Amino acid sequence: MTRQGSPFLSAHAGAHDHRIPWRAADYPCRTVVAHGPASAEPLLVLSGGLQTRHSWGRFERHVASRFPLVIPDLPPARTPGQAAQSLSWDDLTDAALHATHRLRISRFAVLGVSSGYPIGYRLAQRHPDRVTRLMLFGAAPRPAPRLAELISKGLHREADSRSPCSAEGPPDRLRAARELVSVLTNTEAAERHLLIKAAGRVVLDQLAASADDPLIRYVHDRGFLLLRNPLPPGGVRGVPSLVGVGEFDTATTVADNRAVAATISGATFIVMKNADHLLHMERDADFATLVALFLDGRPLSTLQHCTIETMP
Amino acid sequence: MDDTQKTVIGILTRKAGLPPGPVTPEATLTEAGVDSMAVAVLAMVIEDEYGLVITEADLSANSTVADLAALIGRHLAAKA
């Protein structure tokens with residue numbers, strides 16, 4: 001495979017934050033680039049809800065020497081009190097694409113996790129000439145019933161004019177954070193697997209430390225969009241693709257992820273053992289190895305603790 | 001290296017998944033790669049195996065791996 005690096009990124013070796021002007025505002029975008037000549041296409045990392053460009057520290061340590069990373073903090077899809085001006089999946093896709101223009105990246109691979117997946121999917125669907133490889137983890141055609149119910153609850157709470165941020169005190173915020181984490185992670189699996197439990201605890205601590213109601217933050221960030229066609233019709237063709245999921249994932253189940261993979265021509269579908277929804281935290285080394293193998297076009301059969309299928 | 005340092009380094013490298021090379025007593029937490037996941041694992045293991053409840057914020061407030069081990073050592077001594 002011919003690989004094309006980015007001279008612009010090579011001139012910005014190391015870790016940098018860029019401001020990406022987009023529409024009337026701007027958003028930050030982290031780039032992590034090894035010193036040396038450009039030899040690999042960058043990987044655009046599309047984080048899940050409430051994750052930031054700083055949520056990928058371990059992944060960076062594993063892979064940044066091999067390919068440049070571009071990690072945007074896309075704008076939240078909704079601003080408190082301005083529901084009428086909500087962004088759509090298409091808007092967020094445009095925002096992500098704009099980062100590649102701004103950083104003068106012509107071709108790039110895409111990694112989309114959780115609620116970053118609908119954006120990655122749309123990029124590959126609409127720009128197969130620019131997206132060299134697509135990797136999606138934690139992808140579902142629609143949110144699981146418990147998550148959909150929680151999102152609806154967050155929307156109602158947001159609409160409550162008496163108390164737009166009803167989780168006002170630390171105990172309320174902790175309760176709301178626990179509720180959200182209990183839906184996004186598999187608490188039974190966490191009791192049996194230390195790293196799954198630790199990942200949930202990290203997310204819980206981050207949410208509980210927020211000054212705002214964690215559930216409303218989640219809904220504003222991107223959560224409400226999960227109720228609006230995260231998986232667009234039309235499928236993806238012409239882009240080598242991988243869809244992966246942890247075997248214990250209850251937020252986006254194995255069946256959900258397989259259903260998304262089935263819409264992508266020739267996609268590889270992988271289930272990681274002993275893992276839940278936060279794969280890059282729970283199985284960081286294996287996750288990074290999987291991504292690197294796939295980006296290099298090497299066989300995934302050497303991976304341990306995984307099952308692999310190829311979609312028609 | 002004392003026993004508590006060996007225990008802490010063992011937890012960080014074998015259970016929290018940090019590469020062992022940089023995790024030395026003299027290393028700062030940043031140099032050792034101690035991140036929020038590693039701190040969460042450490043907090044859970046010392047709670048489960050030693051009955052110590054130390055918050056992630058208190059664990060993260062230390063400068064070096066040796067300081068981190070010393071904090072845990074003081075809690076162990078107080079509990080004895």
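Which strands of chain A does helix α10 (residues 254-261) lie across? In this predicted model, the helix lies across β6, β7 and β8 (268-272) of chain A, and it runs at about 175° to β7(A).

Those strands belong to an open sheet in chain A, built from nine strands with mixed pairing. Reading across the sheet, the order goes β1-β2-β4-β3-β5-β6-β7-β8-β9. What is left at the two edges? β1 (14-22) and β9 (306-310) of chain A sit there, and each has a single partner strand, so one side of each has no neighbour in the sheet. On average, and with direction ignored, neighbouring strands are turned by 20° against each other.

Helix α4 (residues 117-126) of chain A also packs on this sheet. Its contacts are with β3 (43-46), β5 (108-113), β6 (131-137) and β7 (241-246) of chain A, and its direction makes about 150° with that of β5(A).

Now for the contact between the chains. Chain A puts in 13 residues and chain B ten. On the chain B side, helix α3 (residues 36-50) of chain B supplies the largest share, five residues.

Methods
Residues are numbered from 1 along each chain as its sequence is written. Chains are lettered from A and ligands numbered from 1 in the order in which they are written. This is a predicted model: local features need pLDDT of at least 70, side-chain atom pairs count only at pLDDT 80 or more; totals for chains, interfaces and linings use all residues. Two residues are in contact if their C-beta atoms, placed from the backbone, lie within 7 Å. Helices (H or I, at least four residues) and strands (E, at least two) are DSSP runs, numbered from the N terminus. Two strands pair if DSSP finds at least two bridges between them. Axes are lines fitted to C-alpha atoms, for helices over the stretch in contact, and angles run from 0 to 180 degrees between N-to-C directions.
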